[in-house]
Amino acid sequence: MSRIVNVILSGGVGSRLWPLSRKNKPKQYLNIFGNKSLFQLTALRNKNLSDDILVLGNIDNYVLSETALSEIGIDQYQQIIEATPRNTAAAIALAAFAVEDEDILLITPSDHLIENQVEYDKSINEAIQLAKEGYLITFGLVPTRPETGFGYIQVKGNDVVSFREKPNLETAQEFLDSGNFLWNSGMFCFKAKVFLEELKKYQPMVFDTSKKAFEKLHDNQLPLEESKEIPSISVDYAVMEKTTRLKVVKSDFNWSDMGSFESLYDYLKANGKPIDKHGNMVIGTDIHTEFLGIKKSILIITSDAILVLKKDKSQKVKDVYEQLFVDKIELL
């Protein structure tokens with residue numbers, strides 16, 4: 001009897017939410033979403049849809065995952081701890097090696113905000129049925145705006161025509177107007193053996209090196225030297241853009257990858273966080289703050305850093321993060 005296994009990918013650092021998100025506490029562990037973290041919400045959302053949980057984390061954050069699950073009463077789960085990040089193709093391969101061939105993997109990033117559980121359940125159940133038929137399933141979200149921060153999937157029914165990288169605003173508007181483009185959610189569903197067959201076919205080096213590392217798994221931890229040999233390739237590039245066994249589930253649940261302060265601003269505003277008459281918001285302090293001459297801006301304050309940005313420039317925060325990596329790595 002095959003099981004449904006929710007594979008939670010939790011290796012991201014959340015660079016676009018610096019300075020809230022740090023290496024020692026990435027964005028998926030910040031308890032700012034109704035007093036829960038995105039990681040916890042992910043586990044709870046999939047708890048009744050799956051038979052088991054498998055957490056793919058790294059050596060820097062696996063204790064945070066353990067604590068987060070304990071806080072919401074989940075103590076039965078599997079865990080694989082990566083010695084060094086090797087991207088999503090390898091992470092999913094490791095999960096597939098850890099389960100039975102016929103088990104169905106529901107791959108979910110740990111840092112997405114999803115609302116409307118009824119629509120979500122509907123999409124997951126549709127994907128599970130397609131996965132049982134031997135397909136690899138990706139989830140595409142119906143776009144609500146010309147978003148430049150997401151990748152897109154061009155679709156025809158349940159078939160994927162093409163994957164598109166993050167577009168400029170003009171192209172994003174064209175995608176929206178066409179009606180046959182969906183946001184690429186980064187969520188997947190498939191039988192373990194089907195994914196491994198396709199990975200071996202299209203990326204044999206990733207398959208072989210991941211298997212070699214997995215075979216030396218000890219106390220849930222992967223060996224460093226073998227892990228370094230694994231090519232760092234995204235699952236989209238490694239398999240999804242090449243396989244002939246791909247299907248898409250068109251989904252209508254509310255979704256955000258919470259990949260920017262713009263997304264966080266919209267969430268907090270919708271949930272009652274105050275803004276001033278010009279649309280400015282303060283995060284991280286209760287100190288009285290006035291904004292003069294600027295609109296729709298965000299002030300973020302932590303104990304050791306302050307960030308001020310226009311809401312529509314949120315994607316630029318990663319540039320700050322990358323510069324700090326050179327100049328002030330202690331702030332990361």
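Buried means under 20% relative accessible area, exposed means over 50%, and partly exposed is what falls in between. Keep those cut-offs in mind for the views below, which come from a predicted model.

**View 1. The whole chain, before we zoom in.**
Here you can pick out eleven helices and 14 strands. The radius of gyration is 20 Å, close to the 20 Å that the globule rule gives for 332 residues, so the chain is as compact as a globular protein of that length. Its C-alpha trace spans about 60 × 45 × 40 Å along the principal axes. Buried residues make up 52% of the 332 residues. Take the contacts with a separation of 6 or more: 71% of them link residues 24 or more positions apart.

**View 2. Inside the largest nonpolar core.**
In soluble globular proteins, nonpolar side chains tend to be buried together. The largest such core in this model has 43 residues, and V7, L56, L105, F190 and F195 are those with the most contacts inside it. Helix α3 gives the most to this core, with nine residues.

**View 3. A89 and its neighbours.**
A89 lies in helix α3, which runs over residues 87–97. Its relative accessibility is 0%, so A89 counts as buried. Not counting residues up to four places away in sequence, A89 touches F195, V206, I233, S234, V235 and A238. Then there's D236: it is 147 residues from A89 in sequence, but their C-alpha atoms are 7.8 Å apart in space.

**View 4. N87, with a positive phi.**
Stay with helix α3, which also holds N87. Most residues other than glycine have a negative phi. N87 has a positive one, near 75°. With a relative accessible area of 34%, N87 is partly exposed, because that value falls between the 20% and 50% cut-offs.

**View 5. Two glutamates, E197 and E226.**
E197 sits in helix α6 (residues 192–202), while E226 is found in helix α8 (residues 224–228). E226, at 16%, is buried. Setting aside neighbours within four places in sequence, E226 is in contact with K212, A213 and K216. E197 and F207 are ten residues apart along the chain, and 9.1 Å separates their C-alpha atoms.

Most peptide bonds are trans. The one from W18 to P19 is cis, with omega near 10°. P19 belongs to the loop between β1 (4–9) and α1 (38–47). Now move to the loop between β11 (254–256) and α10 (261–270), where you'll find M258. M258 isn't a glycine, yet its phi is positive, near 45°. And is M258 buried or exposed? At 2% relative accessibility, M258 counts as buried.

Terms used:
Residues are numbered from 1 along each chain as its sequence is written. This is a predicted model: local features need pLDDT of at least 70, side-chain atom pairs count only at pLDDT 80 or more; totals for chains, interfaces and linings use all residues. Side-chain values use heavy atoms; hydrogens and water are left out. Helices (H or I, at least four residues) and strands (E, at least two) are DSSP runs, numbered from the N terminus. The radius of gyration is taken over C-alpha atoms; the globule rule is 2.2 Å times the number of residues to the power 0.38. Buried means under 20% relative accessible area, exposed over 50%, partly exposed in between (1.4 Å probe, protein chains only). Contact means heavy atoms within 4.5 Å. A nonpolar core is a set of buried Ala, Val, Leu, Ile, Met, Phe, Trp, Tyr and Cys residues joined through side-chain atoms within 4.5 Å.
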